[in-house]
Amino acid sequence: MGLFDKLTGTRRPDSAAGPRPAEDVRTALLALNDTDAPYRVRNALPDEKADLVAECHIRRVGVRLRTRMRLVPDKHEVRFLDERWENRSGGNAEGQYGRGHAPAVFRQWEKQQGPDGREHRVEAFRFDTREMTDPLRDAVLGAGWTWRGVFRL
């Protein structure tokens, strides 16, 4: 794995088995839709310039995640672009937009009274963006395809 691959989140399959057909990759990604999953995988809209899109809305911390994926059957790779919108401050503050491979952990804290009577900070909520991207990546790698991060689709 080169430096550029590390920066973009690119991973190659480990298995010696040959790559599966593109339709199998698409089916594996769409099969990730589960009632317990914090995200949804769907077919992309024409203006999204992708084949599939995974989306996650974390309203509790004001974050929206989207991973756009384009299947490239000739090269047996899925090119992906992670995007993130954050609006975590009150008032008329502008939201922040970011794209590219950048795993992050979002947390909320509460103060609770401990057994000693003192207040302690306790983590009340936690979401790691890898809870969405890791299953996507693993489905692609499991099909014998490359998971290639890009900065533009």
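Mentor: Start with a term. On a 1 Å grid over the protein atoms alone, a cavity is a set of points where a 1.4 Å probe fits but cannot get out. Grid points are joined across faces, edges and corners, and a volume is the space filled by probe spheres set on the points. This is a predicted model, where totals for linings use all residues. Residues are numbered from 1 along each chain as its sequence is written.

Trainee: How many cavities of 30 Å³ or more does the count give?

Mentor: The count is 1. About 40 Å³ of space lies in the largest cavity.

Trainee: What makes Phe80 a lining residue of the largest cavity?

Mentor: A lining residue has an atom within 4 Å of a point. Phe80 is on the list, as are Leu81 and Asp82. Strand S4 gives the most to this lining, with 3 residues. A strand is a DSSP run of E, at least two residues; a helix is a run of H or I, at least four.

Trainee: Why is the other space called a pocket?

Mentor: Because a pocket is an open set, with protein on both sides within 12 Å along at least five of seven lines. The largest pocket has a volume of about 400 Å³. Of its 26 lining residues, the closest to its centre are Asp82, His101, Ala102, Pro103 and Thr133.

Trainee: Which helix or strand gives the most to the lining of the largest pocket?

Mentor: H3 does, with 5 residues. Helix H3 spans 130–142.

Definitions and conventions: This is a predicted model: local features need pLDDT of at least 70, side-chain atom pairs count only at pLDDT 80 or more; totals for chains, interfaces and linings use all residues. Side-chain values use heavy atoms; hydrogens and water are left out.
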